2 protein chains.
Amino acid sequence: MANQSSRLDQIFAALADPTRRAIVMRLCAGEASVGELADPFDMALPSFMKHIHVLQTSGLVLSEKSGRVRTCRLSPDALLGAEDWFQQQRAIWEARLDRFEAYVMKLKKEKERAGAKRPSRTTKRKGSE
Amino acid sequence: MANQSSRLDQIFAALADPTRRAIVMRLCAGEASVGELADPFDMALPSFMKHIHVLQTSGLVLSEKSGRVRTCRLSPDALLGAEDWFQQQRAIWEARLDRFEAYVMKLKKEKERAGAKRPSRTTKRKGSE
DNA sequence: TGTATAGTTAGCTTCATGGCTAACCAATCG
DNA sequence: CGATTGGTTAGCCATGAAGCTAACTATACA
């Protein structure tokens, strides 16, 4: 009951593993059984199953057992959710860039008005924008 | 020296932690010193520094020390790199959907031609499409 | 019915992660 | 100079992740 990890935590953690990313990529191309999924990996089945389980609890993958075969498929919603996060960050980032550009323009104008005064000895910049 | 983890591994692992996502979000709005970044978090500085370090080695964050202040800023390239991964997956996914739709259309036509024959006992689908 | 197949459970190791304290530079400031 | 501030290094601890083997369940096939 102490485990308070958000959906995004789980999704990114799931995708941080190359095996699991490969599974997701494979599932993007269509559903598959656990055995089919495990085949290309040089790994004991129980270890592989753990990856499947991580993907499931993250919500990225759904599965259903029929007979003795468990078929896995991708849940596109979860994937889109994570993609959204990036797009939100990018939106903020780009807004900042716009503001920064505006700031540079302002600087430029001020410079035009003031001309070059001191011999610029600042190779590094400390400015907080 | 045995640690062979790809850039994407590191980026997703970095983003799997809510503290680090918060740092990235904050940096999206502009660069900041370590102290400024650490301020909202109830965490000892060395612990916080570890997060900064993880973000740096993942390539998401760059920093530069001037005087006794270290200023951090976002590396948008890394963020875009991760976003790309999602878009690639989505492209594959959507291509599959298109193929699936085509497949359903084909099924429909076949059904039209054949009518309902056997009492369909296949609730499950096994097809590798 | 008996055997092979497909997953699953249990339990163990090892190493990485995330947190802490304490002590330590190195710039600033009074 | 001496104290403060901002960051860093070192080292400890608890937890969780990623792998394994061995043994088990349950379906499918002959």
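Chain A and chain B bury about 3200 Å² between them, 63% of it on carbon and sulfur atoms. Buried area here is the accessible area (1.4 Å probe) that two parts lose on being put together, summed over both. In chain A, C28(A), F86(A) and W93(A) lose the most area to chain B, together 19% of what that side buries. The model is predicted: local features need pLDDT of at least 70, side-chain atom pairs count only at pLDDT 80 or more, and totals for chains, interfaces and linings use all residues. Residues are numbered from 1 along each chain as its sequence is written, chains are lettered from A in the order in which they are written, and side-chain values use heavy atoms, with hydrogens and water left out.

The contact (heavy atoms within 4.5 Å) takes 36 residues from chain A and 34 residues from chain B. Six residue pairs between the chains are in polar contact, both residues at pLDDT 80 or more. A polar contact is a pair of N or O atoms within 3.5 Å; within protein, one must be able to donate a hydrogen and the other to accept it, and residues adjacent in sequence count only if both atoms are side-chain atoms. On the side of chain A that touches chain B, the elements giving two or more residues are α1 (7–15), α2 (18–28) and α5 (76–114). Helices (H or I, at least four residues) and strands (E, at least two) are DSSP runs, numbered from the N terminus. The largest share, 14 residues, comes from α5(A). By class, this side has 20 nonpolar, seven polar and nine charged residues. Ala, Val, Leu, Ile, Met, Phe, Trp, Tyr, Cys and Pro count as nonpolar, Asp, Glu, Lys and Arg as charged, and the others, Gly among them, as polar.

A rotation of 180 degrees with 0.0 Å of shift along its axis superposes chain A on chain B (RMSD 0.1 Å). That is the relation of a two-fold axis. The same surface serves both copies: 89% of the contact residues of chain A recur in chain B. Superposition is by least squares on the C-alpha atoms of residues with pLDDT of at least 70 in both copies.

The structure holds six salt bridges over all chains, and the count between chain A and chain B is four. A salt bridge is a side-chain nitrogen of Lys or Arg within 4 Å of a carboxyl oxygen of Asp or Glu. R21(B) meets D9(A) in one of them (2.6 Å, N to O). This pair runs from helix α2 of chain B to helix α1 of chain A. Both R21(B) and D9(A) are buried (under 20% relative accessible area; exposed is over 50%, partly exposed in between; 1.4 Å probe, protein chains only). E83(B) is buried, at 3% relative accessible area, whereas R90(A) is partly exposed at 27%. R90(A) forms a further salt bridge with E94(A), at 3.4 Å between the closest N and O atoms. R90(A) and E94(A) lie four residues apart in helix α5 of chain A, about one turn of the helix.

In α2(A), the buried residues are T19(A), R20(A), R21(A), I23(A), V24(A), L27(A) and C28(A). At the start of this helix, a side-chain oxygen of D17(A) reaches to within 2.8 Å of the backbone nitrogen of T19(A). Just after α2(A), G30(A) takes a positive phi of about 135 degrees.
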